[in-house]
Amino acid sequence: MTLLITIIAALIATIIWYASDKRDTYKLGTLSLIYWGASLMWLMDFVFEYAELKAEYFTQEFSDILNDSILGITVVAIGLIAWLVILLIKDPKGVFKAKFTNKKD
């Protein structure tokens, strides 16, 4: 479930990046790469877990599915937070720079 959630987030971020005119301004490529990297990590996790469990992998209990879903949502949220931090540091529109360099008389 974690893999599925991160792939959906990666696809949505990539579609938004592709369709947006301001993709460089808002660093949408970085967001896409964050989610594709997470998807690749969960894909490797799936491969190794499937190699260990074989068909038992597909007969998970509801609690395991729920835990995986919560983990997937958490990964997507942390990816958004990381992207926002990068966006605030880069300050593409210069909002913070203008706010902190204005002198009030």
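Which helix is Ile7 found in? Ile7 sits in helix α1, and I'll come back to that residue below. Here are my notes, with the reminder that this is a predicted model.

1. **Overall make-up.** The chain has four helices and zero strands. Going along the sequence, the pattern reads α-α-α-α. The radius of gyration comes out at 19 Å, well over the 13 Å that the globule rule gives for 105 residues, so the chain is more spread out than a compact globule.

2. **Extent and burial.** The C-alpha trace spans about 70 × 30 × 20 Å along its principal axes. As for burial, 22% of the 105 residues count as buried. If you take contacts between residues at least 6 apart in sequence, 72% of them join residues at least 24 apart.

3. **α1 against α2.** Helix α1 covers residues 2–19, and it packs on α2 at an angle of about 155°, with the axes 8 Å apart. The two helices are therefore roughly antiparallel to each other, the cut-off for that label being over 145 degrees. The crossing of α1 and α2 is left-handed. On the α1 side the contact is made by Thr2, Leu3, Thr6, Ile7, Ala9, Ala10, Leu11, Ala13, Thr14, Ile16 and Trp17. From α2 come Leu28, Gly29, Leu31, Ser32, Tyr35, Trp36, Ala38, Ser39, Trp42, Leu43 and Phe46. Sorted by class, the contact of α1 with α2 has 16 nonpolar, six polar and no charged residues.

4. **α2 against α3.** Here helix α2 (residues 28–53) meets helix α3 (residues 62–90) at an angle of about 150°, and their axes are 10 Å apart. That makes α2 roughly antiparallel to α3. The crossing of α2 past α3 is right-handed, whereas α1 and α2 cross in a left-handed way. Leu28, Thr30, Leu31, Ile34, Tyr35, Ala38 and Trp42 are what α2 brings to the contact. Helix α3 answers with Leu71, Val75, Val76, Gly79, Leu80, Ala82, Trp83 and Ile86. By class, the contact of α2 with α3 splits into 13 nonpolar, two polar and no charged residues.

5. **Residues of α2 that turn up in both lists.** If you're colouring the model, have a look at Leu28, Leu31, Tyr35, Ala38 and Trp42. They are among the α2 residues in the contact with α1, and they are also among those that meet α3.

6. **Ile7.** Back to the residue from the opening. Ile7 is one of the α1 residues in the contact with α2, yet at 30% relative accessibility it counts as partly exposed, since buried would need under 20%. Ile7 and Lys90 are 83 residues apart in sequence, and their C-alpha atoms are 26 Å apart in space.

7. **Ile65 and Met1.** Ile65 is in helix α3 and, at 34% relative accessibility, counts as partly exposed. Ile65 and Met1 are 64 residues apart in sequence, but C-alpha to C-alpha the distance is 6.6 Å. Leaving aside neighbours within four places in sequence, Ile65 is in contact with Met1 and Gln60.

8. **Ser69.** Not counting residues up to four places away in sequence, Ser69 touches Met1 and Ile5.

9. **Two backbone spots to check.** Most residues other than glycine have a negative phi. Lys27 has a positive phi of about 55° although it is not a glycine. Lys27 lies in the loop between α1 and α2, and at 27% relative accessibility it counts as partly exposed. Asp91 is another non-glycine residue with a positive phi, of about 45°. Asp91 is located in the loop between α3 and α4 (95–101), and with 16% relative accessibility it counts as buried.

Definitions and conventions. Residues numbered from 1 in each chain as written. Predicted model: local features only at pLDDT ≥ 70, side-chain atom pairs only at ≥ 80, totals over all residues. Heavy atoms only, no water. Axes fitted to C-alpha atoms, helices over the stretch in contact; angles between N-to-C directions. Parallel < 35°, antiparallel > 145°, perpendicular 65-115°, else oblique. Left-handed = near helix turned anticlockwise from the far one by under 90°. Contact = heavy atoms within 4.5 Å. Nonpolar A, V, L, I, M, F, W, Y, C, P; charged D, E, K, R; others polar. Rg over C-alpha atoms; globule rule 2.2 N^0.38 Å. Buried < 20%, exposed > 50% of the residue type's maximum accessible area, 1.4 Å probe, protein only.
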